Amino acid sequence: MERFLKWIDRTNEYLGKAVSYFMLVLVVVILYEIFVRYVLNSPTIWAHEISQMIFGAYILLLGGFLQQRKGHVNVEILYLHFSPRTRAAINLFTWLLFFLFCGVLLVKGWEMGWDSFKYRETESTTFAPPIYPIKMMIPLGALLLLLQGVVKYIRDLRVVITGKEDLS
């Protein structure tokens, strides 16, 4: 079981680090657009849409990485005053909402992404890039987030049972 949990951790970590380079590509695209628009007075028809797609993929694929790094927003006014075992027990109940959210995002994202893929959906602009690759990243991102949530849930369950805080 621990090997599976570590595999999910490593997958989200590797993907998170790889996807973080999307920001460099995004900066290059935006700087290029600024240069050609304001210096050469020749704006592109593609830079805005490409930058939105890059940023969309960045956001969608980093959820699991952020979950692993405990980077999501928490309300911790009282929470931090509890023992690790009590915090883990509280988490076990709040995870139900998390799993519901991820499940809906996974199912509905898959339906939307698959329909977009079937019809080879494109943007309704002059540039008209395909948008189904980005829409297919919605269920992928939801799956990565869900798997990382399962890892955290199992570790919280272990803390509730043993009383020992997991340092993973």
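The side chains of Arg155 and Glu2 meet in a salt bridge, with an N to O distance of 3.7 Å; a salt bridge is here a side-chain nitrogen of Lys or Arg within 4 Å of a carboxyl oxygen of Asp or Glu. Arg155 lies in helix H6 and Glu2 in helix H1 (residues 2-19), so the pair ties together parts that are 153 residues apart in sequence. Helices are DSSP runs of H or I with at least four residues, strands are runs of E with at least two, and both are numbered from the N terminus. The model is predicted, so that local features need pLDDT of at least 70 and side-chain atom pairs count only at pLDDT 80 or more, while totals for chains, interfaces and linings use all residues. Residues are numbered from 1 along each chain as its sequence is written, and side-chain values use heavy atoms, with hydrogens and water left out.

Arg155 has a relative accessibility of 7% and counts as buried, whereas Glu2, at 27%, counts as partly exposed. The classes are buried under 20% relative accessible area, exposed over 50% and partly exposed in between, computed with a 1.4 Å probe on protein chains only. Salt bridges that share partners join Arg155 and Glu2 with Lys6, Asp9 and Arg158 into one network. The structure holds 11 salt bridges.

Lys135 forms a salt bridge with Glu121, the closest N and O atoms being 3.0 Å apart. Lys135 belongs to helix H6 and Glu121 to the loop between H5 and H6, so the contact ties together parts 14 residues apart in sequence. Glu121 is partly exposed, at 28% relative accessibility. The loop between H5 and H6 also holds Arg120, whose phi is near 50°, a positive value in a residue other than glycine. Most residues other than glycine have a negative phi. Arg120 is partly exposed, with a relative accessible area of 44%. Arg120 lies over the face of Phe117, at 4.1 Å from the ring centre, and over the face of Tyr132, at 5.5 Å from the ring centre. A charge is assigned to a ring face if NZ of Lys or CZ of Arg is within 6 Å of the ring centre and within 35 degrees of the ring normal. A positive phi, near 55°, is also found at Lys70, in the loop between H4 and H5. Lys70 counts as exposed, at 56% relative accessibility.

A search of the whole structure finds 10 aromatic pairs. Rings of Phe, Tyr and Trp (its six-membered ring) pair if their centres lie within 6.5 Å, and planes under 30 degrees apart are stacked, over 60 edge-to-face and the rest tilted. The rings of Phe98 and Phe99 have centres 5.5 Å apart and planes at 70°, so the pair is edge-to-face. Phe98 is buried at 15% relative accessibility, and Phe99 is partly exposed at 23%. Trp95, Phe98, Phe99 and Tyr153 form one aromatic cluster. Trp110 and Trp114 form a stacked pair, 5.6 Å centre to centre with 15° between the planes. Both lie in helix H5, 4 residues apart, about one turn of the helix. Trp110 is partly exposed at 43% relative accessibility, as is Trp114 at 36%.

About 910 Å³ of space lies in the largest pocket. On a 1 Å grid over the protein atoms alone, a pocket is an open set of points where a 1.4 Å probe fits, with protein on both sides within 12 Å along at least five of seven lines, and lining residues have an atom within 4 Å of a point. Grid points are joined across faces, edges and corners, and the volume is the space filled by probe spheres set on the points. Of the 31 lining residues of the largest pocket, the closest to its centre are Asn74, Tyr79, Asn91, Trp95 and Lys152. H5 gives the most to this lining, with 8 residues.
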